[in-house]
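Please open the model in your viewer and keep the sequence beside it. We will go from one selection to the next, and each stop says what to look for there.

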Amino acid sequence: MELVTVLDRLRGWCPFDGGALLDDVAAVLDDVPPPEEDSAQLAERLSGHLARLVTIAVASEAGRDPTVEQLVVRARTLHADLLPCGRQEAIAHLRRLGWTANELHDRLTAIRCLKEAA
């Protein structure tokens, strides 16, 4: 049974893609908000980026760093939140996701848990 669980996890594994993260962060932090029809997909992708960054932080024991610890808590909270219905609220949520993902990525890069994305 344990091998089946491991195999299922490997099949569902999605590697961290720093370039995709930066593209999504740029899309939500741009002066021009993303189109409304893209909001749900961007929120899903950014939540996925946050989940992978949190996993990297926990696995590498970077959580001992106070800044990483605060960002992990914020990332987990945002990951659990649903995308709000109102347009302005949705944009604000997307931007919080983007800022948190960007800050956590930058911090993990600074403490050498990640390589810098191009």
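Leaving aside its neighbours within four places in sequence, which residues is I56 in contact with? I56 is in contact with F16, L108, C113 and L114, where contact means heavy atoms within 4.5 Å.

Before you check this on the screen, note that this is a predicted model, in which local features need pLDDT of at least 70 and side-chain atom pairs count only at pLDDT 80 or more, while totals for chains, interfaces and linings use all residues. Residues are numbered from 1 along each chain as its sequence is written, and side-chain values use heavy atoms, with hydrogens and water left out.

Select I56, which is found in helix 3; here helices are DSSP runs of H or I with at least four residues, numbered from the N terminus. If residues up to four places away in sequence are not counted, L108 touches L53, I56, A57, A62, V68, C113 and L114.

**Second stop: helix 3 beside helix 5**

Select residues 39–59 for helix 3 and residues 87–110 for helix 5. Two packed helices are described by the angle between their axes and the distance between the axes. The axes of helix 3 and helix 5 come within 10 Å and cross at roughly 25°; such axes are lines fitted to C-alpha atoms, for helices over the stretch in contact, and the angles run from 0 to 180 degrees between N-to-C directions. That angle makes helix 3 roughly parallel to helix 5, since angles under 35 degrees count as roughly parallel, over 145 as roughly antiparallel, 65 to 115 as roughly perpendicular and the rest as oblique. Helix 3 passes helix 5 in a left-handed crossing, a term for a near helix turned anticlockwise from the far one by less than a right angle, with clockwise giving right-handed.

To see the contact itself, colour the residues that make it, among them L42, L46, L50 and L53 of helix 3 and L94, L97, L104 and L108 of helix 5. The residues of this contact divide into 13 nonpolar, five polar and one charged, where Ala, Val, Leu, Ile, Met, Phe, Trp, Tyr, Cys and Pro count as nonpolar, Asp, Glu, Lys and Arg as charged, and the others, Gly among them, as polar.

Helix 2 passes helix 3 in a left-handed crossing. By class, the contact of helix 2 with helix 3 has eight nonpolar, one polar and two charged residues.

Now look for the largest nonpolar core, which has 22 residues, and in which L53, V68, L94, L97, L104 and L108 have the most contacts. A nonpolar core is a set of buried Ala, Val, Leu, Ile, Met, Phe, Trp, Tyr and Cys residues joined through side-chain atoms within 4.5 Å.

Not counting residues up to four places away in sequence, H93 touches L78, D81, L82, L83 and P84.

In helix 3, select S47, which also counts as buried at 13% relative accessibility and which touches H79 and L97, again without residues up to four places away in sequence.

Finally, go to R112 in the segment after helix 5, a residue that is exposed, with a relative accessible area of 77%. Phi of R112 is near 65°, a positive value in a residue other than glycine.

Notes. Helix = DSSP H or I, 4+ residues; strand = E, 2+ residues; numbered from the N terminus. Buried < 20%, exposed > 50% of the residue type's maximum accessible area, 1.4 Å probe, protein only.
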